[in-house]
Amino acid sequence: MSRAISRRAALSAAGLSAGAILTPAAQPPKYWTAEYWAEKKTGSGTVRLNLYRKRATKPGGKPLPVLFLVHGSSISARPSFDLATPGIGEYSVMNVFAQWGYDVWTMDHENYGRSSQTSSNSDIASGVEDLKAAMPVIQKETGISKMHMYGTSSGGIRAAAFAQAKPEHVDRLILS
């Protein structure tokens, strides 16, 4: 079954294709990134939690405001907040906020991504304990004890419960 394509659509597609071929690819900005580990003590041992940090510039000098992104229960931190889509457009929330001058952090909760895989249930209470374990690492690396937090889906519940338990560490709280 053939579908007729309008002349306007064909010319538009040809123009976009020629433009893509003739236009040099824009160089994406370079970011400074680092990985860290926090440890959470549990009744059954130690859980290692992977933290990931992104900034527009290398640390040094005046500290930047810290934004901590808390993922939900469907997917780990980096695919949630630092999705790379070369040639398609900017889909990394971390890149956008780094460009805006934030020191952006995220973490894989227990049983997600690069963090320890355990037989434990990664519920909201466990997520709050994960965030508590991450705080000393962030404070040591940034010198900042209060951060902005953004939680999406059940990460919003984790972030809100953390803010309730540790209000001294949360400057602004954004829930989605």
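The accessible surface of the chain amounts to about 10,300 Å², and carbon and sulfur atoms contribute 56% of this area; the areas were computed by the Shrake-Rupley method with a 1.4 Å probe, and for residues only the protein chains shown count as cover. The structure is a predicted model, in which local features require pLDDT of at least 70 and side-chain atom pairs count only at pLDDT 80 or more, whereas totals for chains, interfaces and linings use all residues. Residues are numbered from 1 along each chain as its sequence is written, and side-chain values rest on heavy atoms, with hydrogens and water left out.

Of the 176 residues of the chain, 39% are classed as buried (buried, under 20% relative accessible area; exposed, over 50%; partly exposed, in between; 1.4 Å probe, protein chains only). The chain contains 5 helices and 8 strands, defined as DSSP runs numbered from the N terminus (helices, H or I, at least four residues; strands, E, at least two). Read from the N terminus, the order of elements is α-β-β-β-α-β-β-α-β-α-β-α-β. Among contacts in the chain with a separation of 6 or more, 66% are accounted for by residues 24 or more positions apart, a contact being heavy atoms within 4.5 Å.

Helix α4 (residues 124-142) packs with helix α5 (residues 154-165) at an angle of about 60°, and the two axes are 9 Å apart. Here the axes are lines fitted to C-alpha atoms, for helices over the stretch in contact, and angles run from 0 to 180 degrees between N-to-C directions. The arrangement of α4 is therefore oblique to α5 (under 35 degrees, roughly parallel; over 145, roughly antiparallel; 65 to 115, roughly perpendicular; the rest, oblique). On the α4 side, the contact is made by I124, G127, V128, L131, K132 and M135, and on the α5 side by S154, I157, R158, A159, A161, F162 and A165. By class, the contact of α4 with α5 comprises 9 nonpolar, 2 polar and 2 charged residues (Ala, Val, Leu, Ile, Met, Phe, Trp, Tyr, Cys and Pro count as nonpolar, Asp, Glu, Lys and Arg as charged, and the others, Gly among them, as polar).

V70 is found in strand β3 and is buried, with a relative accessible area of 0%. Not counting residues up to four places away in sequence, V70 touches F81, H109, L131, M149, Y150, G151, T152, G155, R158 and A159. The C-alpha atoms of V70 and H109 are 8.7 Å apart, although the two residues are 39 positions apart in sequence. H71 lies in the loop between β3 (66-70) and α2 (77-81) and is likewise buried, at a relative accessible area of 0%. Its C-alpha atom is separated by 7.9 Å from that of G156, 85 residues apart along the chain. Apart from neighbours within four places in sequence, H71 is in contact with S76, A77, S80, F81, M107, D108, H109, Y112, T152, G155 and R158.

Two further positions have intermediate accessibility. A56, in the loop between β2 (45-55) and β3, counts as partly exposed at 37% relative accessibility. Beyond neighbours within four places in sequence, A56 is in contact with K30, Y31, W32 and A98. The C-alpha atoms of A56 and P29, 27 residues apart along the chain, are separated by 8.1 Å. T46 lies in strand β2 and is partly exposed, with a relative accessible area of 39%. T46 touches E39, K40 and K41 when residues up to four places away in sequence are not counted. T46 and S116, 70 residues apart in sequence, are 8.8 Å apart in space, C-alpha to C-alpha.

Backbone geometry was also considered. Most residues other than glycine have a negative phi. N111, which is not a glycine, has a positive phi of about 75°; N111 is placed in the loop between β6 (103-107) and α4 and is buried, with a relative accessible area of 19%. S153, also not a glycine, has a positive phi of about 55° and is located in the loop between β7 (147-151) and α5.
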